[in-house]
Amino acid sequence: MKPELDEQEFEEIGFVVMDSLNLTIPIRITIWQNGFLKFITGIVTKVDLLMKYIVLKLIINKEH
(Lines give C-alpha, C1' and ligand atoms only; values in the text may rest on other atoms or scores of the structure.)
Protein backbone atom coordinates (compact mmCIF):
# COMPACT_ATOMS: atom_id res chain seq x y z
CA MET A 1 0.00 0.00 0.00
CA LYS A 2 1.01 3.59 -0.64
CA PRO A 3 2.25 5.28 2.57
CA GLU A 4 0.17 8.27 3.72
CA LEU A 5 1.18 11.20 5.96
CA ASP A 6 -0.78 12.60 8.85
CA GLU A 7 -1.03 16.38 9.42
CA GLN A 8 1.88 16.52 11.92
CA GLU A 9 4.24 14.60 9.60
CA PHE A 10 3.25 16.85 6.69
CA GLU A 11 3.98 19.97 8.79
CA GLU A 12 7.39 18.62 9.88
CA ILE A 13 8.31 17.93 6.26
CA GLY A 14 7.43 21.55 5.46
CA PHE A 15 9.92 22.79 8.07
CA VAL A 16 12.71 20.60 6.64
CA VAL A 17 11.95 21.71 3.06
CA MET A 18 12.04 25.40 4.04
CA ASP A 19 15.35 24.91 5.92
CA SER A 20 16.83 23.31 2.82
CA LEU A 21 15.60 26.21 0.69
CA ASN A 22 16.81 28.96 3.02
CA LEU A 23 20.04 27.39 4.27
CA THR A 24 20.99 25.19 1.26
CA ILE A 25 20.97 22.05 3.40
CA PRO A 26 20.84 18.77 1.44
CA ILE A 27 17.80 16.61 2.11
CA ARG A 28 16.90 13.04 1.19
CA ILE A 29 13.42 12.54 -0.21
CA THR A 30 11.65 9.20 -0.42
CA ILE A 31 8.96 9.05 -3.10
CA TRP A 32 6.43 6.42 -4.08
CA GLN A 33 6.75 5.58 -7.78
CA ASN A 34 5.11 2.69 -9.60
CA GLY A 35 4.61 0.71 -6.40
CA PHE A 36 8.20 1.15 -5.18
CA LEU A 37 10.04 3.56 -2.91
CA LYS A 38 12.65 5.75 -4.63
CA PHE A 39 15.29 7.86 -2.84
CA ILE A 40 16.51 11.26 -4.08
CA THR A 41 19.09 13.59 -2.47
CA GLY A 42 19.22 17.29 -3.26
CA ILE A 43 18.87 20.91 -2.18
CA VAL A 44 15.51 22.64 -2.49
CA THR A 45 15.69 25.53 -4.98
CA LYS A 46 11.98 26.40 -5.23
CA VAL A 47 8.77 25.77 -3.29
CA ASP A 48 5.38 26.46 -4.89
CA LEU A 49 2.77 26.25 -2.13
CA LEU A 50 -0.11 27.02 -4.47
CA MET A 51 0.64 24.22 -6.93
CA LYS A 52 2.11 22.00 -4.17
CA TYR A 53 5.48 21.11 -5.66
CA ILE A 54 9.18 21.60 -4.92
CA VAL A 55 12.19 21.79 -7.21
CA LEU A 56 15.47 20.15 -6.19
CA LYS A 57 19.04 20.59 -7.33
CA LEU A 58 20.07 16.95 -7.33
CA ILE A 59 23.23 15.81 -5.61
CA ILE A 60 24.94 12.91 -7.30
CA ASN A 61 26.85 10.67 -4.93
CA LYS A 62 30.18 9.53 -6.39
CA GLU A 63 31.41 6.30 -4.87
CA HIS A 64 35.07 5.35 -5.07
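This is a predicted model: local features need pLDDT of at least 70, side-chain atom pairs count only at pLDDT 80 or more; totals for chains, interfaces and linings use all residues.
Local features need pLDDT of at least 70 and side-chain atom pairs count only at pLDDT 80 or more, while totals for chains, interfaces and linings use all residues. Residues are numbered from 1 along each chain as its sequence is written, and side-chain values use heavy atoms, with hydrogens and water left out.

View 1. Tyr53 sits in strand S3, residues 53–58 (strands are DSSP E runs of at least two residues, helices H or I runs of at least four). Tyr53 has a relative accessible area of 35%, so it's partly exposed (buried is under 20%, exposed over 50%, partly exposed in between, with a 1.4 Å probe and protein chains only).

**View 2. Negative charge gathered on the surface.** Here the patch takes in Asp6, Glu7, Glu9, Glu11 and Glu12 (Asp and Glu count as negative, with each charge placed at CG of Asp or CD of Glu). Glu11 belongs to helix H1, residues 7–23, and is partly exposed at 47% relative accessible area.

**View 3. Thr45 and its contacts.** Look for Thr45 in strand S2, residues 36–48; its relative accessibility is 45%, so it counts as partly exposed. Leaving aside residues up to four places away in sequence, Thr45 touches Leu21, Val55, Leu56 and Lys57 (contact means heavy atoms within 4.5 Å). Ser20 is 25 residues from Thr45 in sequence, yet their C-alpha atoms are 8.2 Å apart.

Terms used. Patches are made of residues with over 30% relative accessible area and no salt bridge: like charges are joined within 9 Å, nonpolar side chains (Val, Leu, Ile, Met, Phe, Trp, Tyr) within 5 Å. Accessible areas come from the Shrake-Rupley method with a 1.4 Å probe; for residues, only the protein chains shown count as cover. A salt bridge is a side-chain nitrogen of Lys or Arg within 4 Å of a carboxyl oxygen of Asp or Glu.
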